[in-house]
Amino acid sequence: MLSWWRVLLSGLLLYVLGIAVMIVSSNPNLFPTVVMLGNFLVPVTYVVFFYNRRHLSRLSAPTTAMSFFYGGVLGVFAASLLEPLFVRRLDFPTAFVVGLIEESAKILGVLLIARRRRHDSELDGLILGAAAGMGFAALESNGYAFSAFLRSGGSLSVTVVVTLFRGLLSPVGHGTWTAILASVLFRESRAGRFHINRKVIGAYLTVALLHGLWDGLPSLISAFAFPGVDLIVGQAVVGSAGLFILWRRWREAVRRERG
């Protein structure tokens with residue numbers, strides 16, 4: 001079994017090596033490869049971490065990988081189509097609209113994967129949700145890195161900073177939120193069918209709220225704090241809250257499997 005820290009270290013080594021080779025060779029064709037390595041490194045490590053702790057889950061590695069793929073691709077496509085219709089500019093109120101849109105977009109990959117599977121295991125939902133959310137995070141970060149590269153006039157250092165920053169924050173963002181929602185969705189399923197009840201709706205609104213606060217809280221704090229403090233404080237608070245909820249979902253999921 002491939003351990004998460006081996007994935008992290010080997011991926012980090014390849015990323016650093018890729019940057020060095022691109023600088024030495026001055027070959028711009030390496031840029032997409034290096035950016036993808038950097039933006040997929042932490043999301044893939046995160047998914048491997050949870051997959052290796054699946055205990056009694058019946059999930060296979062290919063199924064988890066497909067959730068990563070579909071959650072990312074379908075989520076990014078859906079969000080890209082819906083957000084321009086409802087969000088003109090990002091501020092504190094519209095940040096919650098973005099949360100509602102993206103949290104519903106990411107779960108599409110989980111629904112596609114689970115449509116022909118028995119889906120009554122909370123643990124399965126948590127792992128598939130983590131994979132789908134991290135697939136979305138990886139592709140979104142890829143887009144941000146490319147946009148930063150264009151806006152900076154082709155600055156490699158700016159692209160690396162954006163990649164590292166988003167990579168460090170990704171474990172407390174998309175993957176955590178989708179894992180929370182998918183775990184509740186699977187737990188509440190009945191007779192092989194998803195059952196949308198108040199608990200599922202409550203989980204969806206909770207993760208959408210966390211997502212909205214993640215995007216909007218820094219702008220609110222900035223009115224009362226020094227530059228930079230707003231981002232650190234806002235995302236530390238929201239990230240900690242999300243991890244705490246995920247930890248509770250994980251404990252409950254493992255307890256149900258053992259029971």
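A residue counts as buried when its relative accessible area is under 20%, as exposed when that area is over 50%, and as partly exposed in between. Keep this in mind for the exercises below, which explore a predicted model.

**Exercise 1. Is Thr159 buried or exposed, and which residues does Thr159 touch?**

*Solution.* 
Step 1: Find the residue. Thr159 belongs to helix H6.
Step 2: Apply the cut-off. The relative accessibility of Thr159 is 2%, so Thr159 is buried.
Step 3: List the contacts. Setting aside neighbours within four places in sequence, Thr159 is in contact with Phe31, Val35, Ala145 and Phe149.

**Exercise 2. Where is Thr163 found, and what does Thr163 touch?**

*Solution.* 
Step 1: Thr163 sits in helix H6, which covers residues 156–169.
Step 2: With a relative accessibility of 2%, Thr163 is buried.
Step 3: Not counting residues up to four places away in sequence, Thr163 touches Tyr15, Gly38, Asn39 and Ala145.

**Exercise 3. At what angle do H2 and H6 cross, and which residues meet?**

*Solution.* 
Step 1: Take the geometry. The axes of H2 and H6 cross at roughly 20° and come within 8 Å.
Step 2: Classify the angle. Angles under 35 degrees count as roughly parallel, so H2 is roughly parallel to H6.
Step 3: H2 and H6 make a right-handed crossing.
Step 4: Look at the residues. Thr159, Thr163 and Gly167 in H6 meet Phe31, Val35, Gly38, Asn39 and Val42 in H2.

**Exercise 4. How do helix H2 and helix H5 pack, and how far apart are their axes?**

*Solution.* 
Step 1: Helix H2 spans residues 31–51 and helix H5 spans residues 122–151; they pack at an angle of about 160°, and their axes are 9 Å apart.
Step 2: Angles over 145 degrees count as roughly antiparallel, so H2 is roughly antiparallel to H5.
Step 3: The crossing in which H2 passes H5 is right-handed.
Step 4: On the H2 side, the contact includes Phe31, Val35, Asn39, Tyr46 and Phe50. On the H5 side, Ala130, Met134, Ala145 and Phe149 are among the residues involved.

**Exercise 5. Which residues of H4 and H7 make the contact, and at what angle do these helices pack?**

*Solution.* 
Step 1: Helix H4 (residues 92–114) packs against helix H7 (residues 174–187) at an angle of about 55°, with the axes 10 Å apart.
Step 2: H4 and H7 are therefore oblique to each other.
Step 3: H4 passes H7 in a right-handed crossing.
Step 4: H4 contributes Glu102, Glu103, Lys106, Ile107, Val110, Leu111 and Ala114, while H7 contributes His174, Trp177, Thr178, Leu181, Ala182, Leu185 and Phe186.
Step 5: Follow one of these residues further. Lys106 also lies over the face of Phe136, at 5.9 Å from the ring centre.

**Exercise 6. How many aromatic pairs does the structure hold, and why is the pair of Phe244 and Trp247 tilted?**

*Solution.* 
Step 1: The structure holds 11 aromatic pairs.
Step 2: The ring centres of Phe244 and Trp247 are 6.0 Å apart and their planes are at 35°, so this pair is tilted.
Step 3: Both residues lie in helix H9 (residues 229–258), 3 residues apart, about one turn of the helix.
Step 4: Phe244 is partly exposed at a relative accessible area of 47%, and Trp247 is partly exposed at 44%.
Step 5: Now look for a group of rings. Trp4, Tyr46, Phe49, Phe50 and Trp250 are linked into a cluster by ring pairs.
Step 6: A ring can also have a charged side chain over its face: Arg166 lies over the face of Tyr144, at 4.1 Å from the ring centre.

**Exercise 7. What is the phi of Ser26, and where is the place of Ser26?**

*Solution.* 
Step 1: Most residues other than glycine have a negative phi.
Step 2: Ser26 is not a glycine, yet its phi is positive, about 55°.
Step 3: Ser26 is placed in the loop between helix H1 (4–25) and H2.
Step 4: At 60% relative accessibility, Ser26 is exposed.

**Exercise 8. How far apart in space are Arg54 and Val254?**

*Solution.* 
Step 1: Arg54 lies in the loop between H2 and helix H3 (61–86).
Step 2: Its relative accessibility is 18%, so Arg54 is buried.
Step 3: Arg54 and Val254 are 200 residues apart in sequence, and their C-alpha atoms are 8.4 Å apart in space.

Conventions:
Residues numbered from 1 in each chain as written. Predicted model: local features only at pLDDT ≥ 70, side-chain atom pairs only at ≥ 80, totals over all residues. Heavy atoms only, no water. Phe/Tyr/Trp six-rings, centres within 6.5 Å; stacked < 30°, edge-to-face > 60°. Helix = DSSP H or I, 4+ residues; strand = E, 2+ residues; numbered from the N terminus. Buried < 20%, exposed > 50% of the residue type's maximum accessible area, 1.4 Å probe, protein only. Lys NZ or Arg CZ within 6 Å of the ring centre and 35° of its normal. Contact = heavy atoms within 4.5 Å. Axes fitted to C-alpha atoms, helices over the stretch in contact; angles between N-to-C directions. Parallel < 35°, antiparallel > 145°, perpendicular 65-115°, else oblique. Left-handed = near helix turned anticlockwise from the far one by under 90°.
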